[in-house]
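Biologist: Could you take me through the salt bridges of this protein, with the cut-offs behind each term?

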Amino acid sequence: MKKRKIVMFVSLCLMAVGVFLYACTDKTIEIDETGQASTRAIEDVNEYYRVLPGTSEWKSLESGDEMFQVSQLPESMLRELSTEELVDACMQFPLAYDFLLANDERYTTSFAIHNFNGLAELSKRKDGIIELLEIYRSMPYSEEATRDSGIYRVFAFSLGYIELILADPSFIDKMSDEELHSLRVIALDRYQEKIDHLGYMNLSDIKRSLLVLAEIELKTSSLSGNDLEIIKKFQKNYMFSDDELLEEVSRVLIK
């Protein structure tokens with residue numbers, strides 16, 4: 001009951017500061033006239049990508065298609081990277097945070113999985129899910145970074161990115177029962193971590209953890225009746241769920 005009340009508190013109190021939290025990231029968010037967003041740090045050198053946001057070459061790109069083209073991993077590199085390295089390259093993908101400015105986060109994530117060769121390759125590797133679960137489990141929350149940088153949203157953005165990837169059919173549909181169990185354990189821990197840091201995490205962050213848990217529930221449980229309808233309703237339109245639905249879905253998912 002305590003957790004469900006906290007979710008409701010988040011819903012009522014943090015919506016008003018969501019825009020502020022989003023604006024305070026230390027990453028650069030650039031939007032061109034096509035509406036394509038780049039949300040990675042300005043850097044001069046990267047071991048995976050030749051053209052990076054913030055550089056003059058990146059700024060000369062005229063469309064989202066061009067940004068995707070220059071963000072592809074070289075085929076020779078793609079073949080040589082270990083799966084652990086490939087996950088690292090995918091986490092550093094220059095357009096990784098495009099979902100933040102999308103009307104449909106899941107469509108944007110699915111588009112990236114099918115059109116960025118790093119994620120496409122990762123979805124085909126037998127150990128890809130294992131490595132994704134490991135990074136999802138081990139991504140460190142830093143109280144020190146939060147204090148030093150004000151509202152340091154990079155961690156939350158990266159966590160949302162990997163949660164949307166894991167919840168995508170390209171990955172979750174391939175998970176074994178054991179992997180789904182592991183994912184649920186990790187997602188519950190991440191959910192609780194978000195609840196424990198309400199001054200840093202916002203409502204959208206919490207909804208993404210609930211989305212992962214909803215996808216797992218639909219695959220592994222024998223829910224029926226009203227509880228099943230609640231999960232399906234949330235899964236379909238999670239980002240626009242009202243307070244009542246959030247309370248109901250948290251009751252079903254957080255056990």
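What follows is a short exchange on charged side-chain pairs.

Modeller: This is a predicted model, in which local features need pLDDT of at least 70 and side-chain atom pairs count only at pLDDT 80 or more, while totals for chains, interfaces and linings use all residues. Residues are numbered from 1 along each chain as its sequence is written, and side-chain values use heavy atoms, with hydrogens and water left out.

Biologist: How many salt bridges does a search of the whole structure find?

Modeller: A salt bridge here is a side-chain nitrogen of Lys or Arg within 4 Å of a carboxyl oxygen of Asp or Glu. With that criterion, the search of the whole structure gives a total of ten.

Biologist: Are arginine 190 and glutamate 193 buried or exposed?

Modeller: These two residues form a salt bridge whose closest N and O atoms are 2.6 Å apart, and they sit three residues apart in helix α13 (residues 177-196), so about one helical turn separates them. Helices are DSSP runs of H or I with at least four residues, numbered from the N terminus. Buried means under 20% relative accessible area, exposed over 50%, and partly exposed in between, with a 1.4 Å probe and protein chains only. By that scale, arginine 190 and glutamate 193 are both buried.

Biologist: In which helix is arginine 251, the salt-bridge partner of aspartate 227?

Modeller: The side chains of aspartate 227 and arginine 251 meet at 3.1 Å, N to O. The pair links distant parts of the chain, 24 residues apart, with aspartate 227 in helix α15 (residues 225-236) and arginine 251 in helix α16 (residues 243-253).

Technical notes
Helices (H or I, at least four residues) and strands (E, at least two) are DSSP runs, numbered from the N terminus.
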